[in-house]
Amino acid sequence: MRLAWAMVRHRFAAFAGTFVAVALGVAVVAGATTIYLSSRPEAPERYNSAPVLVRSPSVGDNAFGEPEYQSWTAGEAIRLSGELAKLPGVTAAAVDPVFYAQRVIAGRPAGDPQDALLAGHAWSSAALGGYRLAAGTAPRGPGEVVVAGVAPGSRMPVLTAAGPATWTVTGTVDGPGFYVADREALRMSAGVRVIGLTVDGDAEAVAGAARGVVGPAGEVVSGGARDSLEPVSVTRTRWLGAQLLIAMVVLGGFVAVFVVASTCALGAAQRRREIGLLRAVGATPGQVRRLMYAETLVISTMAALAGLPLGALTAPLLTGPLVDTGLEPAGFTVTMQPAALAGSFVLGVVVALAGVAVAARRASRAPALDALREAAVERRAMTPLRWIAGAATAALGTLLLVTMPMMATTDQSSAGLGAAMLLLTAAAALAPIVIVPLVRLVTWPWRGAATGMLVREGTLIAVRRVASTAAPVLLTVGFTVLLTGTVATIDDVQGQHDADNIPATVVLAPDGVPGLAETAVQAQAGTSHLPTRLLVTRGATTAGYDAEGAPPSELGPGPAGSSGGVVLDKTRAKDLHASVGTTLDVRWADGSTAALPVRAIRAAAGAGILVPRELARQHDPAALTSAVLLNGPPVASVGARPMSARDYVQIEIDEEGELIDLFLLVLIGLTVGYTGLAVANTLLMATSARRPEFRTLRLAGATEAQILRVTSAEALLAVAVGTLLGAGVAVASLSGVRAAVEAELDRAVALVVPWGTAAAVIATCTVVALAATTLPVLRRSRSAT
Amino acid sequence: MTTANNPPAVELRGVTKTYGSGERTVTALDDLDLIFPAGTFTAVMGPSGSGKSTLLHCAAGLDRATGGEVIIDGTPVAGLSERVLTRLRRERVGFVFQAFNLVAALTAAQNVALPLRLAGRKPAAGEVTAMLGEVGLAKRADHRPSELSGGQQQRVAIARALVTRPAVLFADEPTGALDAASGREVLRLLRASVDRHGQTVVMVTHDPFAAAHADRVLFLADGRVVDFLTGPCGAQEIALRTARLEEGRPAEVLS
Ligand SMILES: Nc1ncnc2c1ncn2[C@@H]1O[C@H](COP(=O)(O)OP(=O)(O)O)[C@@H](O)[C@H]1O
Ligand SMILES: [Mg+2]
């Protein structure tokens with residue numbers, strides 16, 4: 001250990017690569033995990049003054065793994081809140097219906113459409129957030145509202161699910177949202193899912209008493225458990241952010257291992273003499289291995305300590321961008337996360353030790369005799385370990401690529417990432433095989449010139465040095481091309497696929513609103529579905545399903561005498577073990593129940609279940625229509641605009657695409673930044689270690705320019721080797737992706753190669769590589785004179 | 001003062017060493033039988049490429065012979081694992097190279113203590129200083145190799161090689177990179193270790209004046225011993241033999 005410390009102190013420059021790689025890796029991981037852990041579910045601010053909340057019961061988890069809640073009907077909710085209000089310690093029990101309300105300013109819907117979905121509230125629920133009436137009076141009748149920032153007496157145009165309305169502001173409140181009379185709120189919302197209690201005294205005692213009253217009709221939460229009332233949309237936003245953060249951690253860790261491994265390998269190769277000397281004076285292979293581990297432990301500990309504050313201090317700066325890009329909910333703040341820091345520290349050290357493992361193994365096996373060899377003639381560049389590792393990662397990566405089209409679309413990007421990592425590792429491990437022929441080929445035109453000869457012979461002798469410097473380039477180019485290419489190809493296919501299914505008609509689409517209001521829909525000549533959610537009970541199980549309200553013409557003739565029945569698609573019919581004539585016990589969004597007969601089973605039926613539109617509207621007053629397929633001229637409505645069906649689909653694709661682009665940008669930025677450093681570092685290391693060689697060249701009459709030409713040519717060669725290998729891997733696996741997609745779709749698919757991105761990345765690598773080789777040469781020549 | 005009757009510190013029996021395979025096979029050592037008796041100072045001479053270094057490496061257990069037997073201080077090295085061989089080397093063999101003998105990160109004292117520390121032994125108080133004193137560098141204990149002259153570095157290397165009191169010290173052209181005065185100093189040290197402590201020394205050299213410090217001189221050519229001088233021999237005699245070797249056919253000289 002003392003020896004390790006002496007080594008590190010003496011030749012810090014040689015360990016700088018490992019230091020930088022680990023420090024950055026730890027910073028990225030510490031930052032990402034700090035954000036990840038900071039992003040915990042939180043009860044909405046609206047419940048700040050309600051220490052005890054009662055929630056309607058859950059019937060189990062849905063397909064996303066989120067609990068599926070059933071609503072209380074307005075009547076049930078009012079009855080329950082009445083009983084709760086009587087409990088000792090409860091100052092008030094407020095029913096909390098939520099509905100869509102959005103302000104209209106100058107004829108245009110204002111504000112964030114998604115926020116508007118949850119903006120309408122009952123006036124009595126304002127107390128749950130501790131919001132008070134600042135001026136005016138509470139809303140009492142229809143068309144009256146209390147909001148913040150609008151003077152009492154003003155008239156305020158709004159959009160609700162029913163359609164446009166103009167409300168009268170009766171008062172102002174010091175909290176966000178639209179507060180209407182309780183009865184109005186209940187009318188506009190689909191049932192009730194939360195009752196909030198304000199208390200004086202012990203919240204836990206009240207919660208206990210409330211449990212007694214509520215029984216199985218709901219769930220009483222207090223304290224930290226209140227955070228589970230986070231709105232689903234917020235949870236999904238955080239989930240998206242978490243995906244990016246996880247990818248960053250995985251990628252950061254991977255690139256760190258990769259860079260540490262290649263700098264350690266280079267470092268060990270350069271220290272052959274020193275290690276040989278140690279072996280000659282009596283260090284056993286085990287002692288050499290332990291020395292290298294100890295050195296790495298020292299370096300990575302220092303690096304991790306440097307990286308931690310960097311990550312922890314950068315994380316809060318990312319709050320704004322994360323919220324802006326929709327990866328974290330509004331109001332998100334980063335807090336200090338000791339667990340994240342501790343974990344990143346350990347990870348950094350472990351990753352560094354993993355990175356040095358192969359180099360240490362190899363170095364410890366070097367014969368003592370290496371200390372005596374004059375020229376740095378390398379032994380076999382390919383070792384059995386390299387072969388095995390290369391073959392294994394290549395096989396795994398290929399397997400992942402081949403199975404990719406069978407995965408869900410959401411998993412494909414992470415599968416692509418994994419495959420990219422595996423294949424690039426394989427390419428890096430197997431690189432020495434192709435370097436020799438490649439170098440011969442590339443330098444062939446210049447074989448006569450002194451520079452060409454020096455470069456050619458120099459690189460042919462030091463195959464592993466070239467492999468080390470080419471590795472980060474390979475990683476960057478390959479990763480960038482493969483990932484962007486895969487996503488672009490799949491995107492391209494998907495866009496076409498979706499567009500193929502769209503009839504060439506005009507649709508009325510939402511414009512600045514989360515969905516179309518009822519009046520906008522009714523005004524049009526066209527067809528549309530009203531999306532809602534149904535809980536269907538079959539036997540002992542109840543589950544939630546998406547359903548759509550459809551016009552009678554589409555549902556077809558119902559069973560004689562029934563007021564309405566449902567149409568199922570085949571899959572749903574199978575799920576529900578239903579056939580025509582089966583009666584389904586359903587619970588509507590507003591909490592009321594019904595028995596609906598199955599009137600038909602078709603190959604396709606909207607989201608799976610079609611119900612009469614009227615019933616859907618009646619039982620889900622807050623529901624919004626996503627689009628109307630027009631078969632007449634569009635009628636102008638607030639928050640709606642006509643467009644071609646193709647454009648409508650394209651908007652959705654673009655929205656998803658934007659998010660994927662953002663992911664790619666972050667991940668590629670991370671990789672390029674990281675590997676750019678690695679390129680610079682390995683070349684700096686390699687060039688500095690060649691000091692004696694350059695001295696010999698100078699003595700042999702080489703001018704500064706000639707030496708620079710040799711080093712630059714070698715750097716370019718390394719970049720070329722890395723680029724060719726990386727691009728080779730990327731294009732090969734891109735073709736694999738394409739073949740799989742083609743087989744799946746049974747038609748030809750265009751391969752999208754991201755030329756622009758690739759060119760930018762290669763240019764970056766080239767510039768970095770040239771700078772990293774030129775600087776040490778220039779600096780030395782200056783200090784030498 | 002020294003005799004060939006002493007027990008052998010190192011013995012080579014029919015040692016062969018070849019490099020490469022097929023057409024490019026190079027026979028560096030060709031069926032060598034040699035004994036280095038304890039307490040003697042042997043110089044190995046011969047033209048470049050004659051196998052001198054290879055001989056030293058095989059005899060020191062740094063490299064394994066292709067055929068034959070190497071016995072270091074009574075232990076045959078053939079079947080030993082790398083770890084056991086390393087230990088044997090650490091305890092029984094000292095080695096001084098032409099250059100790059102010292103770990104740059106460590107001070108002179110730390111370099112000298114290195115074999116002891118690698119053996120998991122804490123150097124006794126004064127042990128390292130005494131060793132450095134013997135090579136006349138007691139005052140340089142805390143200097144790093146970059147702060148020492150080439151001759152001083154070689155003396156530190158000798159101190160390091162002798163600190164374990166090895167059965168045999170091998171030196172491969174230890175004066176090759178030094179100026180004449182520093183070279184003489186190094187040779188004097190090697191001679192003194194033989195005279196005072198009965199150290200066994202085997203030294204490869206090109207220099208007849210260096211070889212003149214030895215008790216006997218071996219002449220190597222093409223991996224065989226082609227000539228042999230014993231007793232204190234003059235540099236002139238050695239130079240003469242060398243010259244003869246380089247022009248004529250060695251075999252006839254031997255016979
Ligand atoms: N590692 C090696 N690989 C191949 N040939 C070698 C190696 N080491 C030495 N040789 C060859 O073995 C012969 C003896 O070399 P060496 O012992 O170094 O000679 P000397 O030290 O007398 O100059 C030479 O022909 C040399 O080329
Ligand atoms: Mg030699």
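**Entry 1: Glu173(B)**

I looked up Glu173(B) and placed it in the loop between S7 and helix H6 (180-197) of chain B. Helices here are DSSP runs of H or I with at least four residues, strands are runs of E with at least two, and both are numbered from the N terminus. I noted for Glu173(B) a positive phi of about 45°, although this residue is not a glycine. Is Glu173(B) buried or exposed? Its relative accessibility is 15%, so Glu173(B) counts as buried. I used these cut-offs: buried is under 20% relative accessible area, exposed is over 50%, and partly exposed is in between, with a 1.4 Å probe and protein chains only.

**Entry 2: basis of the values**

I record that this is a predicted model, in which local features need pLDDT of at least 70 and side-chain atom pairs count only at pLDDT 80 or more, while totals for chains, interfaces and linings use all residues. Residues are numbered from 1 along each chain as its sequence is written, chains are lettered from A and ligands numbered from 1 in the order in which they are written, and side-chain values use heavy atoms, with hydrogens and water left out.

**Entry 3: Arg165(B)**

I found Arg165(B) in the loop between helix H5 (150-162) and strand S7 (168-172) of chain B. Arg165(B) is not a glycine, yet has a positive phi of about 50°. With 41% relative accessibility, Arg165(B) counts as partly exposed.

**Entry 4: H3(B) and H5(B)**

I then examined helix H3 (residues 108-118) of chain B, which packs with H5(B) at an angle of about 30°, the axes being 7 Å apart. Axes are lines fitted to C-alpha atoms, for helices over the stretch in contact, and angles run from 0 to 180 degrees between N-to-C directions. H3(B) and H5(B) are therefore roughly parallel to each other; angles under 35 degrees count as roughly parallel, over 145 as roughly antiparallel, 65 to 115 as roughly perpendicular and the rest as oblique. Ala108(B), Asn111(B), Val112(B) and Pro115(B) of H3(B) make the contact with Val156(B), Ala159(B) and Arg160(B) of H5(B), contact meaning heavy atoms within 4.5 Å.

**Entry 5: Thr172(A)**

I located Thr172(A) in strand S12 (residues 164-173) of chain A. Thr172(A) has 12% relative accessibility and so counts as buried. Leaving out residues up to four places away in sequence, I listed what Thr172(A) touches, including Arg132(A), Val146(A) and Pro152(A).

**Entry 6: cysteines**

How many disulfides are there over all chains? I note a count of zero, a disulfide being a pair of cysteine sulfur atoms within 2.5 Å. Cys765(A) counts as buried at 3% relative accessibility, and Cys58(B) is buried with a relative accessible area of 1%.
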